[in-house]
Amino acid sequence: GGFVGLIVFFFRSLLIESETFKKSKENKNKIEYQSYFQLISKNKKKLLISLLLYGNIGAIYNFLIIFLATFTSNITKFITTQEAEILNTKLILIYGIMSLFSGIMADQVSFYKQVYIFISLTLLALLAMLVCQIYGNYYVFFHILIAFFVPFFTIPIHVKIQSLFKTRIRMRMCSLSHAVGSMIFSSSTPLICMLIWRYTNSFSIIISLFAIQIIVILVSLIYIHRKQFPNELD
């Protein structure tokens, strides 16, 4: 990871910045520094939205890639441990490859069109998984299919979150919302799922929690869309 990071820094140094960004950097020193308290007070709505989006994107990845295969092998026994190991490898590869294709597609189609379509497909696949499980069947196919769909809305959303904040405060606001959102939503997902299982013994409710996380993302995006927040470039 560290080695790849160095490569990224190298390629980053070769990128040609836009004139808007260059102008923003030149004016940065002329702008009075704002504390975190000032930034939060002036950007409360945007911070809350980015916190919800970052947190639930992390929660989705945590649930889908890290938690679910282990849960279905060790707890519910729907699949074997060996099958879970193979499944985890497939999920990581599919998610990573589709993340690249998601970026390519995002340059070709409307942001909201892409995101809404793939959120809808993900929810349909979840519904199919839920129906099958109610009738006593668990199909790994749906798990893989969801991992295929999810990057097509999570990756573009990362860019949309950054565009909510002005360039000079973007790093601090995105870091803050990502850190807090991850602590609240992402890191707590396995705990919440296991508590649900302990008190209800219901796999369906656990899958429903995953659907709720996606719906929170959808509602947050609809709010951004309706408010028509401009892409902050200065």
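Contact here means heavy atoms within 4.5 Å. The model shown in every view is predicted.

**View 1. Leu 221 and its contacts.** Neighbours within four places in sequence are left aside. Leu 221 then contacts Leu 53, Phe 111, Tyr 112, Val 115, Tyr 116, Ile 119 and Ile 157.

**View 2. The largest nonpolar core.** This core holds 58 residues. Ile 157 and Leu 221 touch the most other members. Two or more core residues come from each of α4 (44–74), α5 (81–106), α6, α7, α8 (151–163), α9 (167–186), α10 (189–200) and α11. Helix α4 gives the largest share, 13 residues. In soluble globular proteins, nonpolar side chains tend to be buried together.

**View 3. Packing of helix α6 against helix α7.** Helix α6 spans residues 111–134, and helix α7 spans residues 140–149. Their axes come within 9 Å and cross at roughly 170°. Angles over 145 degrees count as roughly antiparallel, and α6 and α7 are therefore roughly antiparallel to each other. From α6, the contact takes in Phe 118, Leu 121, Thr 122, Ala 125, Leu 126, Ala 128, Met 129 and Cys 132. From α7, the partners are Phe 142, His 143, Leu 145, Ile 146 and Phe 149. Of the residues in this contact, 11 are nonpolar, two are polar and none is charged.

View 4. Helix α11 runs over residues 203–227, 25 residues in total. At 1.5 Å a residue, α11 should span 36 Å. The C-alpha atoms at its ends lie 37 Å apart, which agrees. Gln 228 follows α11 and has a positive phi, near 55°.

Definitions and conventions: Residues are numbered from 1 along each chain as its sequence is written. This is a predicted model: local features need pLDDT of at least 70, side-chain atom pairs count only at pLDDT 80 or more; totals for chains, interfaces and linings use all residues. Side-chain values use heavy atoms; hydrogens and water are left out. Helices (H or I, at least four residues) and strands (E, at least two) are DSSP runs, numbered from the N terminus. The expected span of a helix is 1.5 Å times one less than its number of residues. Axes are lines fitted to C-alpha atoms, for helices over the stretch in contact, and angles run from 0 to 180 degrees between N-to-C directions. Angles under 35 degrees count as roughly parallel, over 145 as roughly antiparallel, 65 to 115 as roughly perpendicular and the rest as oblique. Ala, Val, Leu, Ile, Met, Phe, Trp, Tyr, Cys and Pro count as nonpolar, Asp, Glu, Lys and Arg as charged, and the others, Gly among them, as polar. A nonpolar core is a set of buried Ala, Val, Leu, Ile, Met, Phe, Trp, Tyr and Cys residues joined through side-chain atoms within 4.5 Å. Buried means under 20% relative accessible area, exposed over 50%, partly exposed in between (1.4 Å probe, protein chains only).
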